[in-house]
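Welcome, and thanks for stopping by.

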Amino acid sequence: MQVDQDRINHNLQIWQQTMEATHDLILAGLRHKIGPDGDLREAYRLWYRHQRELAAQRLERESAIWLQRQAGDQASDTESSHPDS
């Protein structure tokens, strides 16, 4: 399979533009929230910290669900390998 480097470059350019636009929107939203005299750097730092906390909470929930499923799968495997009769 041949790699189309032009297409890859084009997709990367679109991705970069999207990331930059997203960042600009975040900054604009923070600026609106804190007003023209607020500390944008501090607001961004607090926003980013909150996003990291949310990501950590999601990861913990997903890990707990995964562990529960693994425990259930292992219990099912144990029951099927040792029939009662």
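Predicted model: local features only at pLDDT ≥ 70, side-chain atom pairs only at ≥ 80, totals over all residues.

**The aromatic rings of helix α2**

- A search of the whole structure turns up two aromatic pairs. One of them joins Y44 and W47, whose ring centres are 5.6 Å apart and whose planes meet at 35°, so this pair is tilted.
- Where do Y44 and W47 sit? Both lie in helix α2, which covers residues 40-81, and they are three residues apart, about one turn of the helix.
- Y44 also forms an aromatic pair with Y48, and this one is stacked, with 6.4 Å from centre to centre and 15° between the planes.
- Why does one pair count as tilted and the other as stacked? Planes under 30 degrees apart count as stacked, and those over 60 as edge-to-face, with the rest called tilted. The 35° of Y44 and W47 therefore makes a tilted pair, while the 15° of Y44 and Y48 makes a stacked one.
- Taken together, the ring pairs link Y44, W47 and Y48 into a cluster.

**The salt bridge**

- How many salt bridges does the structure hold? There is one, and it is formed by E42 and R45, with their closest N and O atoms 2.6 Å apart.
- E42 and R45 both belong to helix α2, where they are three residues apart, about one turn of the helix.
- E42 has a relative accessible area of 31%, so it is partly exposed. R45 is partly exposed as well, at 37%.

- Helix α1 runs over residues 5-34. It has 30 residues and reaches 43 Å from its first C-alpha to its last, close to the 44 Å expected at 1.5 Å a residue.
- Just after α1 comes G35, which takes a positive phi of about 85°.
- Which residues make the nonpolar surface patch of about 510 Å²? They are V3, I8, L12, W15 and M19.
- W15, one of the patch residues, lies in helix α1. W15 counts as exposed because its relative accessible area is 53%.

**The chain as a whole**

- The radius of gyration of the protein chain is 24 Å, whereas a compact globule of 85 residues would have one near 12 Å.
- Along its principal axes, the C-alpha trace spans about 75 × 45 × 15 Å.
- Buried residues make up 4% of the 85 residues in the protein chain.
- The protein chain exposes about 7900 Å², and carbon and sulfur atoms supply 54% of that area.

Key: Residues numbered from 1 in each chain as written. Heavy atoms only, no water. Patch = residues over 30% accessible without salt bridge, like charges linked within 9 Å, V, L, I, M, F, W, Y side chains within 5 Å. Areas by Shrake-Rupley, 256 points an atom, 1.4 Å probe, with all protein chains shown as cover. Salt bridge = Lys/Arg side-chain N within 4 Å of Asp/Glu carboxyl O. Helix = DSSP H or I, 4+ residues; strand = E, 2+ residues; numbered from the N terminus. Buried < 20%, exposed > 50% of the residue type's maximum accessible area, 1.4 Å probe, protein only. Phe/Tyr/Trp six-rings, centres within 6.5 Å; stacked < 30°, edge-to-face > 60°. Rg over C-alpha atoms; globule rule 2.2 N^0.38 Å. Expected span 1.5 Å × (residues − 1).
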